[in-house]
Amino acid sequence: MKNDTLHYSRIIDTPLGYMVTVADDKGLYSLDFTKDTLSRSHSDHPLLLQLKKELSEYFEGTRKEFSIPLRAQGTPFQQEVWKTLLTIGYGETISYAQEAERFGNPKAVRAVASTNGKNPIGILIPCHRVIASGGGLGGYSGGIDKKQFLLALEQK
């Protein structure tokens, strides 16, 4: 995030708990789970209100794709891994090995998995759709219970 850009923050209440989001006029920088609802501003920026609406529709099962512009900040490698995550369709799961193949480097499984854990825009960049090769859930920075919930939601 550039220091000369005005940023907006909002807490969004979801079925999985509170999520804090940060955006500017051009797009979303972060969406992450939080327990801290007091120290954040509650901006009514149109992009954040649209995100709140789209997340609500997602959790109701009526939205499968998001229209919010994304501005995730990371290294070029991280950016490419996160772009790969965006190719995983709603209700689809792939293994970390399959993700590394889609990414174009089948030997980079560990680096790809580690980068998933640094995903700054949960749900919209769907790292929850990546599971272990044996069918286990693998990890999720929001917690395995949240990953299970999201996968079950998308399987309905």
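1. Ile 123 is found in the loop between helix 4 (109–116) and strand 5 (130–131); helices (H or I, at least four residues) and strands (E, at least two) are DSSP runs, numbered from the N terminus. Its phi is near 70°, a positive value in a residue other than glycine. Ile 123 is buried, with a relative accessible area of 1%. Here buried means under 20% relative accessible area, exposed over 50%, and partly exposed in between, with a 1.4 Å probe and protein chains only.

2. A note on the basis of these points: this is a predicted model, in which local features need pLDDT of at least 70 and side-chain atom pairs count only at pLDDT 80 or more, while totals for chains, interfaces and linings use all residues. Residues are numbered from 1 along each chain as its sequence is written, and side-chain values use heavy atoms, with hydrogens and water left out.

3. Pro 120 also has its place in the loop between helix 4 and strand 5. Its C-alpha lies 6.9 Å from that of Asp 32, although the two are 88 residues apart in sequence. Leaving aside neighbours within four places in sequence, Pro 120 is in contact (heavy atoms within 4.5 Å) with Tyr 29, Ser 30, Leu 31, Ala 72 and Trp 82.

4. Helix 3 can be read in a similar way. Tyr 96, Glu 99 and Ala 100 are buried in helix 3. Their arc around the axis is only 100°, which puts them on the same side of helix 3. An α-helix has 3.6 residues a turn, so residues three or four places apart point the same way. The buried residues of helix 3 pack against helix 2, strand 4 (94–95), helix 4, strand 5 and helix 5 (144–155). After helix 3 comes Gly 104, with a positive phi near 105°.

5. The structure holds eight salt bridges, a salt bridge being a side-chain nitrogen of Lys or Arg within 4 Å of a carboxyl oxygen of Asp or Glu. One of them joins the side chains of Asp 44 and Arg 10, at 2.8 Å from N to O. This pair links distant parts of the chain, 34 residues apart: Asp 44 is in the loop between strand 3 (27–33) and helix 1 (46–60), and Arg 10 is in strand 1 (residues 8–14). Asp 44 is exposed, at a relative accessible area of 54%, whereas Arg 10 counts as buried, at 5%.

6. Another salt bridge is formed by the side chains of Lys 53 and Glu 57, at 2.7 Å from N to O. Both residues lie in helix 1, four residues apart, about one turn of the helix. Lys 53 counts as partly exposed at 43% relative accessibility, while Glu 57 counts as buried at 17%. Glu 57 also forms a salt bridge with Arg 63, the closest N and O atoms being 2.8 Å apart. Arg 63 and Glu 57 are both buried. Salt bridges that share partners join Lys 53, Glu 54, Glu 57 and Arg 63 into one network.

7. Asp 25 has its place in the loop between strand 2 (17–24) and strand 3. At 55% relative accessibility, Asp 25 counts as exposed. Not counting residues up to four places away in sequence, Asp 25 touches Tyr 8 and His 45. Asp 25 and Gly 136 are 39 Å apart in space, C-alpha to C-alpha, and 111 residues apart in sequence.

8. The largest pocket has a volume of about 250 Å³. On a 1 Å grid over the protein atoms alone, a pocket is an open set of points where a 1.4 Å probe fits, with protein on both sides within 12 Å along at least five of seven lines, and lining residues have an atom within 4 Å of a point. Grid points are joined across faces, edges and corners, and the volume is the space filled by probe spheres set on the points. The lining has 13 residues, of which Lys 64, Glu 65, Phe 66, Leu 86 and Leu 124 lie nearest the centre of the pocket. The lining divides into nine nonpolar, one polar and three charged residues. Ala, Val, Leu, Ile, Met, Phe, Trp, Tyr, Cys and Pro count as nonpolar, Asp, Glu, Lys and Arg as charged, and the others, Gly among them, as polar.

Key
Arc of directions from axis to C-beta.
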